[in-house]
Amino acid sequence: MAKSLHNYTVAEAQNAALGQAGSIFIDDTAQHTGPYVAITAIEDSEVDVSDCTNIANTMEDAADFTIPKGVTIFGRFEVMSLASGKVIAYLG
């Protein structure tokens with residue numbers, strides 16, 4: 001289980017915020033548990049918001065959306081699920 005950022009040294013927290021805890025390649029529609037700190041689209045990728053409560057809770061109109069190829073979104077994502085596409089999800 002990941003520890004809270006409050007329990008890290010400054011250097012460890014900065015590394016975690018940059019995804020240096022590792023990454024996974026997602027190219028399916030399954031739910032993937034993080035936490036993730038950034039998501040980079042390898043191709044245009046549609047996020048399934050119904051499976052991603054952290055994303056849905058921050059959006060006024062929670063609807064599936066597309067991350068264009070080459071774009072990175074940042075945040076704290078406990079669960080990541082795609083409707084289509086391929087992404088790299090960075091652990092933090």
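Isoleucine 73 is in contact with Val37, Ala38, Ile39, Phe65 and Ile67, leaving aside its neighbours within four places in sequence. This residue belongs to strand β5, which spans residues 72-80. The model described here is predicted. Its protein chain contains two helices and seven strands, and buried residues account for 30% of its 92 residues.

**Surroundings of isoleucine 73 and isoleucine 39**
- Isoleucine 39, one of the contacts of isoleucine 73, itself touches Ile67, Val71, Thr72, Ile73, Phe77, Met80, Val87, Ile88 and Ala89, not counting residues up to four places away in sequence.

**Overall organisation**
- Read from the N terminus, the elements of the protein chain follow the order α-β-β-β-α-β-β-β-β.
- Among contacts in the protein chain with a separation of 6 or more, 76% are between residues 24 or more positions apart.
- The protein chain has an accessible surface of about 5400 Å², and carbon and sulfur atoms contribute 52% of this area.

**Nonpolar core**
- The largest nonpolar core has 13 residues, of which Ile26, Tyr36, Ile39, Val47, Met80, Leu82 and Val87 touch the most other members.
- Strands β2, β5 and β7 (87-91) each supply at least two residues of this core.
- Strand β2 gives the most to this core, namely three residues.

**Three-stranded sheet**
- An open sheet of three strands is arranged in the order β4-β3-β6, and its pairing is antiparallel.
- Strands β4 (65-67) and β6 (82-84) are the edge strands, each pairing on one side only.
- On average, neighbouring strands of this sheet are turned by 40° against each other, direction ignored.
- Strands of a sheet pair through backbone hydrogen bonds, in either a parallel or an antiparallel manner.
- Strand β3, covering residues 45-47, is joined to β4 by three bridges, and the two strands run antiparallel.
- Glutamate 46 stands opposite threonine 66 in β4.

**Cis peptide bond**
- Glycine 34 and proline 35 are joined by a cis peptide bond, with omega at about 15°.
- Proline 35 lies in strand β2, which comprises residues 32-41.

How values were computed. Residues numbered from 1 in each chain as written. Predicted model: local features only at pLDDT ≥ 70, side-chain atom pairs only at ≥ 80, totals over all residues. Heavy atoms only, no water. Helix = DSSP H or I, 4+ residues; strand = E, 2+ residues; numbered from the N terminus. Buried < 20%, exposed > 50% of the residue type's maximum accessible area, 1.4 Å probe, protein only. Contact = heavy atoms within 4.5 Å. Areas by Shrake-Rupley, 256 points an atom, 1.4 Å probe, with all protein chains shown as cover. Core = buried A, V, L, I, M, F, W, Y, C linked by side-chain atoms within 4.5 Å. Pairing = 2+ DSSP bridges. Axes fitted to C-alpha atoms, helices over the stretch in contact; angles between N-to-C directions.
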